[in-house]
Amino acid sequence: MNQSRTQVAIVGGGPAGLLLSHLLHLAGVESIVVERQTRAYVLSRVRAGVLEWGTVGILRDAGLADRMDREGKIHDGTAITWGGGKRLFLDIKQHTGRHFMAYGQTLMQEDLDSAIDRWGGTIVEEAENVMPHDIETDTPWVSYTKDGEEYRIDCDFVAGCDGYHGVSRTVIPAGVLREYERVYPFGWLGILSETPPLPELIYCNSPRGFALASMRNPMLSRYYLQVSLEDDIDEWPDDRFWDEISRRYPDDIAADIVTGPSVEKSIAPIRSYVAEPMRHGRLFLAGDAAHIVPPTGAKGLNLAVSDVYYLSRALIEYYATGGWGLLDGYSDTALHRVWNAVRFSWWLTTTLHRFPDQGEFGQRIQESELDYLSTSDAYMAAAAEQYAGLPL
Ligand code: RFL
Ligand code: PHB
């Protein structure tokens, strides 16, 4: 058995795990990240594209924003279209004084990787059978195997940042863990294409199903279509994808969409899920390990960042003063923000997608909701405030 010791053992090297390691390092707290995949594999997963202004601020304060500030695109708001040509602009700048940044999660992950390499942090890749132990004691540890050898990391705390399919949440006893879930009866088919995107993000409610136009950079577009959970990726050749996109968007928007071959294509199921509490003993969960939201509100990555912000602050306070105040409050503080985002993402998902049993009545209710949103300044301000993200 190969043994080592650190202050915080971090399970999972996605955005949550790497950002936590970096923020702790800035305050002189040591950590080791243990990741199941190779770094290259983690970088190949195309995911989020929208960073809330609070997330942008955290990345800037942590010295992680050079490329984001050069290459990311600042937006004042986002558009929604429905009813065969109606359109509103959810003006975040007007209603909150903030903005958001279109910047791909893969680039943020690359920025974190390089920052951690620069200060010489440890990210163990391709760790198998990772398992936290003794989290209810003062001497927790994490075990894993790599290249056939067994390893043990002794630590003061374990941070479970290993996503929805991770192992950390499973060590919380069944009598303690409470789970809340909603599975939606559809998935999102996403493509990347090397074509100029539309200037704004445009969410679309259509009787044929939801669609979203987004972007990564001036020559890389990201589009999504609501599809059936039974659909296979092979049933969606590029021609069918672009044809369906142009049927869902109103004609004037469809005419502006530049089509081209896809360079990535995948289907993701959609769910809302929350695990409570986010802490048990010396194990603290952060990001998708504790909660999943439908991507409709663009909240998943931003919640991972806000969890990590709260958790890093709590751990830093502990190492500076020995105080448990922020650590004890972590789960409640994080969950308050999580449930707000869960509710908003659920609302936007429910308002914009076609549900199998909604019928004409359900379609008209959705359209009426969007008509009202577009004419009520008060409703618009509330929606803009939530899309912008609650302050930390
Ligand atoms: P991750 O990114 O899943 O990383 C977890 C890491 O843990 C590793 N792991 C393990 N490591 C060791 N031992 C084990 N047993 C392990 N099990 C797993 C995994 O290999 C992985 O590297 O979780 P994290 O760090 O919490 O980050 C969360 C975000 O990735 C996620 O919330 C977002 O991508 C969600 N999301 C979006 N969020 C936004 O804020 N804005 C968006 O615009 C947005 N768009 C999206 C999205 C997610 C999408 N998909 C594919 C679900 C669009 C899509 C299509
Ligand atoms: C994306 O660009 O991938 C994206 C943007 C907004 C969302 C979800 C995904 O709500």
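Trainee: Into which domains is the protein chain divided?

Mentor: This is a predicted model. The chain splits into domain 1 (2-74 + 102-181 + 271-348) and domain 2 (185-270 + 355-388). Their C-alpha centres are 29 Å apart.

Trainee: How many residues of domain 1 are in contact with domain 2?

Mentor: 21 residues of domain 1 touch 20 residues of domain 2.

Trainee: And what area do domain 1 and domain 2 bury between them?

Mentor: The general idea comes first. Interface size is often quoted as the accessible area lost when the parts come together. Here domain 1 and domain 2 bury about 1600 Å² between them. Carbon and sulfur atoms carry 59% of that.

Trainee: On to the ligands. Which residues come nearest to ligand 1?

Mentor: Start with the shell, meaning residues with a heavy atom within 4 Å. Ligand 1 has 32 residues around it. Ala16, Glu35, Gln105, Asp288 and Leu301 come nearest. By class, 15 are nonpolar, ten polar and seven charged.

Trainee: Which helices supply at least two residues each to that shell around ligand 1?

Mentor: Helix H1 (15-26) and helix H9 (300-321) do. H9 gives the most, with four residues.

Trainee: Now ligand 2. How many residues surround it, and which are the closest?

Mentor: 14 residues surround ligand 2. Tyr203, Ser214, Arg216, Tyr224 and Pro295 are the closest. The shell holds eight nonpolar, three polar and three charged residues. Domain 1 and domain 2 each contribute at least three residues to it.

Trainee: Which side chains make polar contacts with ligand 2?

Mentor: Tyrosine 203 has a polar side-chain atom 2.7 Å from a ligand 2 oxygen. In tyrosine 224, a side-chain N or O atom is 2.6 Å from an oxygen of ligand 2. Taken alone, ligand 2 exposes 280 Å², and the protein buries 97% of that.

Trainee: Which elements give two or more residues to the shell around ligand 2?

Mentor: Strand S16 (211-217) and strand S17 (220-227). S16 gives the most, with three residues.

Definitions and conventions. Residues numbered from 1 in each chain as written. Chains lettered and ligands numbered in written order. Predicted model: local features only at pLDDT ≥ 70, side-chain atom pairs only at ≥ 80, totals over all residues. Heavy atoms only, no water. Polar contact = N/O pair within 3.5 Å; in protein donor to acceptor, adjacent residues only side chain to side chain. Areas by Shrake-Rupley, 256 points an atom, 1.4 Å probe, with all protein chains shown as cover. Nonpolar A, V, L, I, M, F, W, Y, C, P; charged D, E, K, R; others polar. Domains from an automatic or database assignment. Contact = heavy atoms within 4.5 Å. Buried area = accessible area lost by both parts, 1.4 Å probe.
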